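Please look through the sequence and the model shown below before reading on. The report then takes up a pocket, the overall fold, a group of aromatic rings and some individual side chains.

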Amino acid sequence: MVGTVTPVEDYLALVNRKDVDKFDEASKQMQKRIQQIVTDSFGAQFYPKAIDCLKTLRNQCIKKMEAKSFNIYMRQFKDTLIQKGRRDFWDEIVTENLSLITKLESEESDVSVEEGKKFTEDEEEDKPKTEETPADDDAEDMLENM
């Protein structure tokens, strides 16, 4: 089972078992664990652990030719993060360049390099711009006139 104390080690132990194929089960557990770590994090407290988990999951999905399942998860996870007000964790994902797995990384993937870049860049464009609004100008004018 992928626990909260050492999730990366737990996941790798399950994935690397020779006697049975536990990849799908272990990956589902890891996905839930990542989400739980982010949700339970007070601010960014546990984000480094969640990023390590996500990197490990991504690398194993490339290694095991499971790019599609990772990409499906990432699309859902992105939506969940934004809906639950965890855009700051999404920003960490973007900073770490943990985008979708592209065709360049895995022949099993159906995501082009451009699509992979766009997946993380879209959010940069969606962020509210800190442009001055006319109301800001009015407030500044009022302060100057005092």
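Which helix gives the most to the lining of the largest pocket?

## The largest pocket

In this predicted model, helix 6, which covers residues 113-126, gives the most to the lining of the largest pocket, contributing four residues. The space in the largest pocket comes to about 180 Å³. Its lining is made up of Arg 58, Asn 97, Ser 99, Leu 100, Thr 102, Leu 104, Glu 105, Val 113, Gly 116, Lys 117 and Thr 120. One of these lining residues, Arg 58, is also listed among the buried residues of helix 3.

## Overall fold

The chain has seven helices and zero strands, so that the order of elements from the N terminus reads α-α-α-α-α-α-α, as secondary structure is taken here from DSSP runs. Of the 146 residues in the chain, 38% are buried.

## Helix 3 and its surroundings

Helix 3 spans residues 47-63, and its 17 residues reach 24 Å from the first C-alpha to the last, which is close to the 24 Å expected at 1.5 Å a residue. After helix 3 comes Met 65, which has a positive phi, near 60°.

The buried residues of helix 3 are Tyr 47, Ala 50, Ile 51, Cys 53, Leu 54, Thr 56, Leu 57, Arg 58, Gln 60 and Cys 61. The elements that cover these buried residues include helix 1 (7-15), helix 2 (23-40), helix 4 and helix 5.

## The aromatic cluster

The structure contains four aromatic pairs. One of them joins Tyr 73 and Phe 77, whose rings are stacked, with 5.3 Å centre to centre and 15° between the planes. Both residues belong to helix 4 (residues 67-83), where Tyr 73 and Phe 77 are four residues apart, about one turn of the helix. Tyr 73 has a relative accessibility of 5% and therefore counts as buried, the cut-off for this class being under 20%. Phe 77 is likewise buried, its relative accessible area being 1%.

Phe 77 also pairs with Phe 89, and because the ring centres are 6.1 Å apart and the planes stand at 65°, this pair is edge-to-face. Phe 77 lies in helix 4 whereas Phe 89 lies in helix 5 (residues 87-95), so the pair ties together parts that are twelve residues apart in sequence. Both Phe 77 and Phe 89 are buried. Taken together, ring pairs link Tyr 47, Tyr 73, Phe 77 and Phe 89 into a cluster, and Tyr 47 is one of the buried residues of helix 3.

Lys 68 is a residue of helix 4, and with a relative accessible area of 39% Lys 68 is partly exposed, because its value falls between the limits of 20% for buried and 50% for exposed. Leaving aside residues up to four places away in sequence, Lys 68 touches Glu 108 and Asp 110. The C-alpha atoms of Lys 68 and Asp 110 are separated by 7.4 Å, although the two residues stand 42 residues apart along the chain.

Key. Residues numbered from 1 in each chain as written. Predicted model: local features only at pLDDT ≥ 70, side-chain atom pairs only at ≥ 80, totals over all residues. Heavy atoms only, no water. Phe/Tyr/Trp six-rings, centres within 6.5 Å; stacked < 30°, edge-to-face > 60°. Helix = DSSP H or I, 4+ residues; strand = E, 2+ residues; numbered from the N terminus. Buried < 20%, exposed > 50% of the residue type's maximum accessible area, 1.4 Å probe, protein only. Expected span 1.5 Å × (residues − 1). Contact = heavy atoms within 4.5 Å. 1 Å grid on protein atoms, 1.4 Å probe; cavity = no way out; pocket = protein on both sides within 12 Å on 5 of 7 lines; lining within 4 Å. Points joined across faces, edges and corners; volume = space filled by probe spheres on them.
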